[in-house]
Amino acid sequence: MDQSSNAPMHLCHVNKLTILINRTYTVIYSVALSFLLYYRASFFFHDTKTPILPSLIVFAAELVSSFEWLLIQAYRWRPVSRTVFPERLPEDDKLPAVDVFICTADPDLEPTVAVMNTVISAMTLDYPPEKLHVYLSDDGGADVTLNGMREAWTFAKRWIPFCKRYNIKCRSPKAYFSAAEDENEDGALGVTDFIQERQIIQEKYEVFKERVREYARHGDTGSSKRRDHSAVIEVIQESSSNHAFEENEAKNMPLLVYVSREKRPSHAHHFKAGALNVLLRVSGVISNSPFILGLDCDMYCNDPSSARQAMCFHLDPKLSPTLALVQFPHKFHNISKNDIYDSQMREVFSVLYQGFDGLQGPCLSGTGYYIKRLSLYGKSLKEDHKDLLELRQYVGPSNEFVKSLLGNYNPNMEMAQLAETQQLASCTYEDGTKWGEEAGFLYASVVEDYFTGFASLHCKGWNSVYCNPPRPQFLGSGTTNLNDFLVQGTRWSSGLVDVAISKYCPLIYGLSKMSFPESMCYAWIAISPICRFFSAWCLATIPQLCLVNGISLYPEVSNSFFWIFSFVFLLSVLRQLYEVLTTEASLQHWINEQRIWMMKAVTSHLYGSLDAFMKKFGLREASFFLTNKVDDVEQLKRYNAGVFDFQTSPHFLVPLASLVILNMASLCVGIARVIFLGELEKLFIQVFIPFYAVVVNYPIIEGMLVRKDSGRIPQSVTLLSATASIIFCVLGSVIVM
C-alpha cells in the first residue's frame, strides 16, 4: 500500500473517437433541425388553408423539443472514463476517516431487515475500522429500527471477521446468502473450514432475521409518531446478552450510531435534506470525519473497496483542493433482463454522466457518493472564517459543533458531546441559522441532492468526478411496478421544476458561476420535465386531431422538406440505437426506453410540473412520497415476465389510455383516408405518427383490450378514457375548423 513512486492513483481517459462521432452528429443534426424550423417559420408567410392554431401549437412543441435537444448536447461534448489504482494509496494509518450516512423513514415501506443489511454492508467496508463510522437516520423514530440496529451490531461481530478472513466481495448478508455459491467469488470456495464457518454464519443470519421480524410483528413500528417524537441518539455497543465477544474481534468493529431527530407537527422537517443535516451535525461532534459516504437505505455495498477507490481522487493533491465529491453510478440487483420500466436508467449512468464528468463533474445523485465534509459547510467556512459570533449565527449555538468546524478537534464520546447531540438533533436548532440555505443540504427543493450539488457545490467552485468501475460498488432496489415508477418520477419532476422556475434556474444563476456547458447540463435536468410533457402532449394530440379532420400539418411526400423531417427522425433513432448498442443493451431495451419516455412525459412530468407551479404560487405545500421497498409477489412475477402491471391511480392511467385511444382512432381514420381518398402523399407523416405511438405503446392496448388478469387496465378507466378522447375530438374539431 505504500506509495513508492509518483505513479498516479487514477487516470482519466478521453475517448476521442466518441467525441468525434458526437460532435459530427451534433453539427449534422443542427443543420437538419434548422431547415425543419425554417419550414415551420416560413409557413406563416405563405397563404395556406391550414388553420393557424394547430400549426402554432406544433411549431411551439418542435421549438421546445429542439431546445431540450440543444441542452443535452453538452453531455456529449467531452465524455471521459476513469481508472483507479487503490494499491497506490498511502498506508492505512494515513488514510482519512469516513462517516457513512444512511437514511430510513418508514419500516412499513422500507423493511428493517433490508435496511440492516445496508448498515452491515457499510460496517464491512475494506477500510480501517477505527476510521469508519456508520450512522443511521431513522426519521420514523421506530423502536423496531433501533432494536434492529442492536441486532445488526451483534451479528456484525461475526460477519465482519468472516468477510475479511475469506475476502468476501459482496458484504450484504442477504445478497451473499441469496446468490448461488459460484457467484460469490469467494477466495476460499471449497475449503472445509470456510464451508463450516459459512454454515455457522448463515445460521446466525437466520436468527438475526427472525429476531428483527419478531420486533416488527410485536413491537412499535413508529406509525403513530413519525411526525411527533423526541430526539434519540444512541451509540450501539455490546448488547446486554451474554454472547462471547473476543478482544481481537472488538478491534474490527466500526462505530455504529442510531440517530432519530426530533420531529414536531408545528416545525418543518424538510424531508431527507433535514435528516442529512442532523446527521452532519451529530457526526460532527462524535467522529467529525473529513469525508462522508451517502447511501440510501436499500443501496448496499456490493464491493468493499469503494472507499479506497474514492480516496484515489480525494487524496490526489492536484484534485483535492477543489474536489467536493466522487459519485458512483446507481445500479440495481433486482432488474429483470427485459427491464420494462427502464429502472436502471441506462442513458443517465452509462452515457450522460460520462459527459458530465468531462466538464466540471456530475451532480450529487442521492446515494453512492463520497463527499468532502468541508464542501457542505458553505463558502465562509471554506475560506477559513473563524469569527465565533458569525459562526454561531451561521450554524447554530452549539459550542461543541462550532469547535468541530475550526480544526484540531478530537471528539471524545466519554465527554459532553453525546449530551450535545440532543440539542443538535432538536427541531428548533436550525431556527435563525443558515442551515438549508447556505450550510448543509439545501431545502428549497425535494430533490436535495441535485439542488445542493448545483447551488452549494458547483456554483461555489467545487468540482466532482464520476467513477464507474467494472464491478458495481453499490446495488439498490429498482422500481418493479408502474405505480412506484410514476410516483417516483412525479416527485423528481416536481423537485427539478422547483429549481427551474426559481431564482436558481441554471441558465440564469449558473452562467456566471460555472462553465456554460456545465450549466447546460444542469439546465437540461431541471427543464426537461417541462419540455417533455409539453412537446409530448402537443405531438400526441394535435397532428392526430388534424388527421381526423383531413388537415395536413407536414409537407407532402413530393415536397423536398419531407426528407428533412424524415432525416431528423431517422437520425434521432439511429443516434439512440447507437448509444443503446454501444452500452451493451438490446433493441428491446431501446423500445422499452421509448415507451417509458412517452409514459413519463404525459404523466409524471405533467403532474410534477403542475405540482411545482402550484407550490410556486402558494396553492399547495411541498410533499415527499417514499418509494415502496416491499415486494408484491404478483407484481414481481409480472415484472420478471416483462408484463406491465397497471395497478396504479386513474390519474396516471386515464391520460395514458386516452392518448393511446386517440392515436388508435386517428390511425384508423388516416388509413381510411389513404385507402378511399388517396391522401397518402398528403398525410403520410400524420399517419406515421399515430402508427409509431400505437406500436410502441402496444402493452397499454393489451392492458385495455386483451388481458384479463388483475394487472390489466380496469374497464372503467378504459371507458372514461374513451369518453375523454371523444370529447377532445369533438371540441378540438370545432376549434380547429
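User: Asp139 first: is that one buried or exposed?
Analyst: Asp139 has 7% relative accessibility, so it counts as buried. Buried means under 20% relative accessible area, exposed over 50%, and partly exposed in between, with a 1.4 Å probe and protein chains only. Keep in mind this is a predicted model: local features need pLDDT of at least 70, side-chain atom pairs count only at pLDDT 80 or more, and totals for chains, interfaces and linings use all residues. Residues are numbered from 1 along each chain as its sequence is written, and side-chain values use heavy atoms, with hydrogens and water left out.

User: Where does Asp139 sit in the fold?
Analyst: Asp139 is in the loop between β4 (132-138) and α4 (143-165). Helices (H or I, at least four residues) and strands (E, at least two) are DSSP runs, numbered from the N terminus.

User: Which residues does UniProt list as "active site"?
Analyst: The UniProt entry, which is unreviewed, lists Asp139 and Asp449. UniProt positions are in the numbering used here, feature names are shortened, and annotations may be inferred rather than shown by experiment.

User: OK, Asp449 then. What does it touch, leaving aside neighbours within four places in sequence?
Analyst: With those left out, Asp449 is in contact with Leu364, Ser365 and Gly366. Contact means heavy atoms within 4.5 Å. Asp449 is found in helix α15 (residues 448-457) and counts as buried because its relative accessibility is 17%.

User: Switching topic: where does UniProt put "binding site"?
Analyst: That unreviewed entry places it at Lys272 and Asp296. They span 25 residues in sequence, yet no two of their C-alpha atoms are more than 10.3 Å apart, so they gather at one spot.

User: Which elements hold Lys272 and Asp296?
Analyst: Lys272 is in helix α8 (residues 271-286), while Asp296 is in strand β7 (residues 291-296).

User: And what are their contacts, beyond four places in sequence?
Analyst: Lys272 contacts Cys103, Asp296, Gly366 and Glu448. Asp296 touches Ile102, Thr118, Lys272, Gly366 and Thr367.

User: How accessible are Lys272 and Asp296?
Analyst: Lys272 counts as buried, at 17% relative accessibility. Asp296 is at 25%, so it counts as partly exposed.

User: Last one: what about Ser721, buried or exposed?
Analyst: Ser721 is buried, at 0% relative accessibility. Ser721 is found in helix α27 (residues 715-736), and leaving aside neighbours within four places in sequence, it contacts Leu653, Val654, Ala657, Ser658 and Ile661.
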